[in-house]
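Please consult the sequence and structure below.

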Amino acid sequence: MGLDYQENYLRNLDFWETAWKRVSKAINKPPDFAYVKNIPSLLNKYNIKSVVDLACGSGWLSFMLAEQGFQVTGVDISESAIKLATQVKKDIYKNQIDAEFLSQDILSMKLDFKVDCAVINACFEHFNRERAVELLKNSLENLKDEAYIYAVFDQVALSDKGEFLELADGTREYKDTYRAGMFLRNYSDEELKEIFQELNLKILSWEIVDNESRSVLVQVSR
Ligand SMILES: C[S@@+](CC[C@H](N)C(=O)[O-])C[C@H]1O[C@@H](n2cnc3c(N)ncnc32)[C@H](O)[C@@H]1O
């Protein structure tokens with residue numbers, strides 16, 4: 001069994017499916033953060049037309065980008081999340097919107113076509129470092145030669161509350177009832193820059209946004 005399907009990873013995938021199963025109605029409204037409103041103009045500045053929204057959940061960001069004219073593919077491991085997104089597409093948009101949804105693991109995702117940009121929101125910090133690097137490497141496989149990755153890296157405040165195990169790289173695996181199997185890790189600026197360098201990703205834009213999150217656009221250089 002390789003990196004992807006070790007036991008703790010399977011528990012992590014179960015955590016997300018269990019969490020999404022509890023949700024009966026998708027949140028379709030984007031959160032009221034300034035950075036969210038700025039994403040379309042940042043992507044337009046680099047002539048980005050097609051995006052894959054990695055770990056899209058029930059798809060609010062995918063829909064917001066599709067409404068702005070981007071061709072969007074939303075991918076999430078949770079079938080329940082994808083069902084919610086598909087339902088929103090049908091009920092709210094009458095299927096008349098350029099957003100497709102797929103249930104796949106973003107560490108091994110394979111799209112039938114290459115896109116201009118991978119978008120990653122509220123997701124990176126739920127992977128331990130080795131898998132987070134895998135996530136970026138795998139997105140590169142699905143991007144065109146001239147491409148971009150846009151990501152928002154949250155500042156995660158790790159309090160001592162709750163029960164958790166600490167993995168070797170400092171990632172927490174939670175054990176409490178509601179978070180059992182969830183991973184959480186804070187990525188420092190230095191670490192992110194190190195990872196970008198390792199993967200030959202050139203930083204085009206790095207902004208501190210709402211709640212001290214880092215909103216970052218990198219260019220893929222092959
Ligand atoms: C905190 S939510 C963020 C959802 C969405 N990006 C947003 O901004 O609201 C994290 C998402 O990552 C998804 N996820 C976790 N591990 C994944 C994996 N290996 N492959 C695909 N999706 C995954 C979960 O199902 C969940 O929808």
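**Strand pairing**

Asp-53 has Val-119 as its bridge partner in strand 4. The model is predicted: local features require pLDDT of at least 70 and side-chain atom pairs pLDDT 80 or more, while totals for chains, interfaces and linings use all residues. Residues are numbered from 1 along each chain as its sequence is written, and side-chain values use heavy atoms, without hydrogens and water.

Reader: In which sense do strand 1 and strand 4 pair, and over how many bridges?

Author: Strands are DSSP runs (E, at least two residues; helices are H or I, at least four), numbered from the N terminus. Two strands pair if DSSP finds at least two bridges between them. Strand 4 covers residues 115–121, and its pairing with strand 1 is parallel, over four bridges.

Reader: Which residue of strand 2 is the bridge partner of Val-51?

Author: Strand 1 also pairs with strand 2 (residues 71–76), in the parallel sense over five bridges. The bridge partner of Val-51 there is Val-72.

Reader: What is the handedness of the crossover from strand 1 to strand 2?

Author: A crossover is right-handed if, with the strands pointing away from the viewer, the path from the first strand over the helix to the second runs clockwise. Here the chain passes through helix 3 (residues 60–67), and the β-α-β crossover is right-handed.
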